[in-house]
Amino acid sequence: MIKDLWYKNAVVYCLSVRTFLDGNGDGIGDFAGLERRLDYLQGIGITAIWLMPFQPSPKRDGGYDITDYYGVDPDYGSLGDFVAFTHAAKQRGLRVLIDLVVNHTSDQHPWFQSARSDPDSPYRDWYVWSKTKPPHADEGMVFPGVQTTTWTRDAKAGAYYFHRFMPFQPDLNTAHPAVRAEIQKIMGFWIQLGVSGFRMDAVPFVIAKKGPEVTGEPDEQFDMLRDFREFLQWRQGDAIILGEANILPKKDLDYFGDDADRLHMLFNFQVNQALFYGLAAGDGRPLAKAMRKTWNRPDSAQWAVFLRNHDELDLGRLTETQRQAVFSAFGPEKGMQLYDRGIRRRLAPMLGGDQQRIEIAYSLMFTLPGTPVLRYGDEIGMGDDLSLKERECARTTMQWSGEAQGGFTKCETPTLPVIESGAYGFDHVNVAAQRHDRGSLLNWMESIIRTRKEVPEIGWGDFSVIETASPAILAIRYDWEGNSVLCVHNLAGTPMEIELATGLEGPEGRVLIDLLTGRRCEADADGRHCLMMERYGYHWFRVGGLDAPLKRRVG
């Protein structure tokens, strides 16, 4: 049993070392630069840092094509630099999560080079082969329109190899005992260097049976997840696995485990997509439905909730009507879309740079059941560069100041071009300027994160959705250890007055204190609360007032 559920009330910040800060002037972000910005991350209230892949790689897929699981790409520094970073993070109370990319390797990995060169290689069975091209080889592509097959012939091997992703990313045969043992060895290595857990990439593909004979619905090997968790609990009791698995709600417990013995956390893609529909349509009902559908889980399991990430905004779980509504609102042009299923933009330009809409989006994220995950640059409202290919458009370098290259580097040719012009150019949107602006998104974000950390009911408690007269109003009550919080959001672009009565019965429901403003709201003689909700307005209330008994607090 895990001894510390620190992840239940964490605030996670995802970043790419490559694009965060260049510490040596070569135009590429590195661990030396990242270490210099740990005080910044601690200052805005982050408690855990999730690093995208930084191991040696040809970088044909943003580093998700790895050639050495036990090293640091020379572009980013050395293993010594990594250890210095994790030590500095620990000194500041910050935990470190890293990407665990074990569904596939790069085709340049020594394992694959050995496997393709010799049928008697000890690594031959570490990959998935077929003497002939399977009849279903042109099905199941992750990147339709870019990827044309999942089986590619290797002339040197004289056989076809399986790759769920791109041809330069051959799948590991994760059913092989030696491969599973190697994955555990990889986790143990990084745990020893100061890591507190892993974001496991493409979990459904990792655990699915693979081979030329496999067709139809995936046959997942869930015991693999139990083995990984048991290994982690043995090596470091509070280490976790956060899984990337875009699955239907009926599969959630398969990944968490009925006895909480598989994954500790999962990204809630169902809620994420319903949230964007709610923002697009001004209708919170599908979001409330998605929350209810994904709520049955063990107490020690946790959802990770997010707005945008390093991939496209996947809308594949929405109905066709809902998906078109989101496209129309946030990605109407073909160049803003990707794979006909998602949007490749950052949040701020999707919401037209309207800070009130950006605030309600993040207020929603921070008050949804689970642990919030923030993406680098979104705390200042960074934009995107749609001239860059595919998902690179939303992976531009961090904008620290109004200096050349946004303060990211002193080099004239950064690893990715900084956004130089327009409303989201670095001279308009940067950390330095927003620090000195009381009304800036950055200062608002610091405040909202601080408040979220003081409301563990959201991370730990049970929730109920309170019915209101308008579909645009989403009211969620959290209860935990005798404490209650009510979060109310107006998804409409027009103000409205609402009444709340049900869900606030009893003496404790007569007084609401807004945790964001300190204002007091008292019920009328009939026990009803009358609230004026601004356009895209939001309120976090302590039920019973600030004098209500706070029986327990968890950091």
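Figure 1. A search of the whole structure, which is a predicted model, finds four cavities of 30 Å³ or more. The largest cavity has a volume of about 130 Å³. Its lining comprises 14 residues, and those closest to the centre are S16, R18, M52, G62 and R395. Sorted by class, this lining holds five nonpolar, four polar and five charged residues. Rolling a probe the size of a water molecule over the atoms shows where empty space is left.

**Figure 2. The second largest cavity.** This cavity holds about 50 Å³ of space. Which residues line the second largest cavity? They are A245, N246, I247, L248, P249, D252, F267, N268, F269, Q270, T294 and W303. Seven of the lining residues are nonpolar, four are polar and one is charged. Two of the lining residues, F269 and Q270, are also among the buried residues of helix α10.

**Figure 3. The second largest pocket.** The volume of this pocket is about 300 Å³. Its lining has 15 residues. Nearest the centre lie R60, D61, G62, K389 and E390. By class, the lining has nine charged, five nonpolar and one polar residues.

Figure 4. Strand β7 covers residues 197-200. G197 and R199 point one way, while F198 and M200 point the other way. All four are buried. In a regular strand the side chains alternate between the two faces of the sheet. Strand β3, residues 95-100, runs parallel to β7 and is joined to it by four bridges. Here I98 stands opposite F198. Strand β8, residues 240-243, also runs parallel to β7, again with four bridges. Which residue of β8 is the bridge partner of R199? The partner is L242.

Figure 5. A202 sits in the loop between β7 and α7, which spans residues 203-207. Its phi is near 50°, a positive value in a residue other than glycine. Is A202 buried or exposed? A202 has a relative accessible area of 6%, so it counts as buried.

Figure 6. Helix α10 runs from residue 269 to 281. Its 13 residues should span 18 Å at 1.5 Å a residue. The end C-alpha atoms are 18 Å apart, so the model agrees with that expectation. How many of its 13 residues are buried? The count is 11. The buried residues are F269, Q270, V271, N272, Q273, A274, L275, F276, Y277, G278 and L279.

Figure 7. G282 takes a positive phi of about 65°. The residue belongs to the loop between α10 and α11, residues 285-293. With a relative accessible area of 17%, under the 20% cut-off, G282 is buried. What does G282 touch, leaving aside residues up to four places away in sequence? The contacts are Y277, P471, A472 and L491. Y277 is itself one of the buried residues of α10. S470 is 188 residues away along the chain, but its C-alpha atom is separated from that of G282 by 9.9 Å.

**Figure 8. A three-stranded open sheet.** The strands follow the order β11-β13-β12, with antiparallel pairing. Two bridges join β12 to β13, residues 342-343. L338 stands opposite G342 in β13. Strands of a sheet pair through backbone hydrogen bonds, either parallel or antiparallel.

**Figure 9. Y339, between β12 and β13.** Y339 lies in the loop that links these two strands. Its phi is near 55°, a positive value in a residue other than glycine. Relative accessibility is 11%, so Y339 counts as buried.

**Figure 10. Helix α16 and its cover.** Helix α16 has 13 residues, 441-453. From first C-alpha to last it reaches 18 Å, close to the 18 Å expected at 1.5 Å a residue. Its buried residues are L441, L442, W444, M445, I448, I449, T451 and R452. What covers them? The cover includes the helices α3 (38-44), α14 (355-366), α15 (431-435) and α17 (457-460). It also includes the strands β14 (371-375) and β22 (538-543).

Methods. Residues are numbered from 1 along each chain as its sequence is written. This is a predicted model: local features need pLDDT of at least 70, side-chain atom pairs count only at pLDDT 80 or more; totals for chains, interfaces and linings use all residues. Side-chain values use heavy atoms; hydrogens and water are left out. Buried means under 20% relative accessible area, exposed over 50%, partly exposed in between (1.4 Å probe, protein chains only). Two strands pair if DSSP finds at least two bridges between them. On a 1 Å grid over the protein atoms alone, a cavity is a set of points where a 1.4 Å probe fits but cannot get out, and a pocket is an open set with protein on both sides within 12 Å along at least five of seven lines; lining residues have an atom within 4 Å of a point. Grid points are joined across faces, edges and corners, and a volume is the space filled by probe spheres set on the points. Ala, Val, Leu, Ile, Met, Phe, Trp, Tyr, Cys and Pro count as nonpolar, Asp, Glu, Lys and Arg as charged, and the others, Gly among them, as polar. The expected span of a helix is 1.5 Å times one less than its number of residues. Contact means heavy atoms within 4.5 Å.
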